Amino acid sequence: MLKVSGLTCSRGERQLFADVSFSLAAGEWLHVQGENGAGKTSLLRLLVGLSPADAGEIYWRGVAASEADFHRDLLYLGHHAAVKDDLTPLENLCLSAALDGIPLDEKAALAALVRLGLRGREALPVRVLSAGQKRRVLLARLLTRPAALWVLDEAFNALDSGAVQLLGELIGEHLAKGGLAVLTSHQPLPLPAGKRLML
Amino acid sequence: MNALLATVRRDLLLALRRKSEVLTTLFFFVIVVSLFPLGIGPEPELLKKIAPGVLWVAALLSTLLGLPRLFAADHLDGTLEQMALSPSPLALLIAGKILAHWLLCGLPLVLLAPLLGLQFALEGQTLFILSLSLLLGTPLLSLIGAMGAALTLGVRGGGVLLALLVLPLYIPTLIFGAGAVEAQSAGLGVEGHLSLLAALLALAVFFAPWATTAALRIALE
């Protein structure tokens with residue numbers, strides 16, 4: 001479903017990576033690995049279309065990603081928390097769904113927060129939550145925003161072992177439903193074997 | 001369209017949680033305008049003459065004060081990235097943000113201006129034209145300002161650069177806006193000035209969100 005060929009990226013004079021190619025079918029996931037500064041985040045940003053590639057092509061469902069309805073199928077969670085400190089977790093989820101034009105009722109949002117272990121925190125401003133809890137608010141979007149392709153950049157950071165296990169379960173369920181995932185992470189992941197890409 | 005309204009709702013809710021940011025720009029407007037009669041003294045003729053310029057320049061500066069925050073918070077916490085990747089068109093979301101900025105920083109100026117105009121011994125009809133010119137002009141200030149804010153996003157010392165970039169672009173709005181009020185006090189027709197303001201506004205409504213979106217995409221790279 002996702003096919004990437006000949007992706008090249010340079011920052012200034014330095015070439016980060018060249019000619020990166022891979023393809024993912026439904027239910028498969030890709031583990032992007034490499035040292036700090038190897039260009040993992042840059043690769044993911046190229047993949048989702050946040051920055052332009054020097055060369056290379058990305059196809060989604062057989063159509064060039066820039067022309068396909070790629071963003072509707074895509075969920076990208078990056079380094080940033082991407083939640084508003086002044087809003088509650090519930091408001092954050094509902095408003096980001098509204099911005100995406102995706103209907104989400106409060107009950108479903110609440111269920112997602114409970115699944116991520118934020119029961120009783122849904123009405124507190126995110127400001128007073130810990131870094132790990134903030135991360136969990138963001139991860140709740142995995143449940144509320146339907147998307148076939150998950151692109152997760154260091155999603156396992158700042159999570160305790162319970163949350164790591166939970167995120168592994170979520171990704172596993174997503175793959176079992178025929179979803180795709182592209183991840184970067186430095187820790188061993190509680191996931192079935194997937195494809196690997198070394199940068 | 002729903003996405004636009006959702007953005008407006010979100011930004012208004014955020015402003016409600018952080019009232020001080022909006023109130024400071026409003027107080028700035030009130031204080032700057034009130035300093036002039038205090039400094040110049042109670043001569044109705046002189047005050048009447050400077051009123052349009054003073055009110056308009058103050059409106060311009062207080063709009064400018066709120067601009068650096070327009071995209072900075074969303075850029076910093078990664079929400080802007082999520083907007084760029086949203087299935088909704090980014091230009092629509094950005095238009096929503098600009099509309100919210102006007103509702104918070106522009107509309108209050110329109111409502112406050114007649115009250116402040118009283119300090120300058122302006123008459124009823126002139127006060128009405130003042131409000132009308134601001135009603136057409138302040139959205140224009142928000143739209144032009146958004147382009148500047150997007151272009152200077154993430155630049156070190158962006159605030160000063162933003163002022164240098166945006167203030168010259170505000171000149172036509174200032175001339176026609178203050179001109180309308182002056183024409184009214186002088187007993188001349190105001191249609192010409194107001195039509196030109198409306199034409200500029202129509203132009204900006206179409207092009208500014210696109211230009212802002214393009215600038216934001218570059219800032220996100």
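A salt bridge, as I use the term today, is a side-chain nitrogen of Lys or Arg within 4 Å of a carboxyl oxygen of Asp or Glu. By this rule, the count over all chains comes to 22 salt bridges. The structure is a predicted model, in which local features need pLDDT of at least 70 and side-chain atom pairs count only at pLDDT 80 or more, while totals for chains, interfaces and linings use all residues. Residues are numbered from 1 along each chain as its sequence is written, chains are lettered from A and ligands numbered from 1 in the order in which they are written, and side-chain values use heavy atoms, with hydrogens and water left out.

I begin with a pair inside chain A. A:R145 forms a salt bridge with A:D100, with 3.0 Å between the closest N and O atoms. This pair links distant parts of the chain, 45 residues apart: A:R145 is in the loop between helix 6 (141–144) and strand 7 (149–153), and A:D100 in the loop between helix 3 and helix 4 (106–115) of chain A. Helices here are DSSP runs of H or I of at least four residues, strands are runs of E of at least two, and both are numbered from the N terminus. A:R145 is buried, with a relative accessible area of 4%, and A:D100 counts as buried at 5%. Buried means under 20% relative accessible area, exposed over 50%, and partly exposed in between, with a 1.4 Å probe and protein chains only.

Next, the pairs between chains. B:D74 forms a salt bridge with A:K84, the closest N and O atoms being 2.5 Å apart. This pair crosses from helix 4 (residues 69–76) of chain B to the loop between strand 6 (74–77) and helix 3 (89–99) of chain A. B:D74 is buried at 2% relative accessibility, and A:K84 is buried at 7%. A:K84 also forms a salt bridge with B:D77, at 2.9 Å between the closest N and O atoms. B:D77 lies in the loop between helix 4 and helix 5 (79–84) of chain B and A:K84 in a loop of chain A, so this pair too joins two chains. Through shared partners, salt bridges join A:K84, B:R10, B:D11, B:D74, B:D77 and B:K97 into one network.

I turn to the sheet of chain A. Five strands form an open sheet in the order 6-7-8-3-9, with parallel pairing; two strands pair if DSSP finds at least two bridges between them. Strand 6 and strand 9 (195–198) stand at the edges with a single partner strand each, so one side of each has no neighbour in the sheet. Strand 3 (residues 29–33) and strand 9 pair over four bridges, and the bridge partner of A:H31 in strand 9 is A:R196.

Which residues does A:L129 contact, leaving aside its neighbours within four places in sequence? They are A:P89, A:R121, A:L124, A:K134 and A:V137, where contact means heavy atoms within 4.5 Å. A:L129 sits in the loop between helix 4 and helix 5 (131–139) of chain A and is buried at 8% relative accessibility.

Finally, chain B. The axes of helix 8 (residues 124–151) and helix 10 (residues 171–185) of chain B come within 9 Å and cross at roughly 175°. Axes are lines fitted to C-alpha atoms, for helices over the stretch in contact, and angles run from 0 to 180 degrees between N-to-C directions. The two helices are therefore roughly antiparallel, a term for angles over 145 degrees.

Terms used. Parallel < 35°, antiparallel > 145°, perpendicular 65-115°, else oblique.
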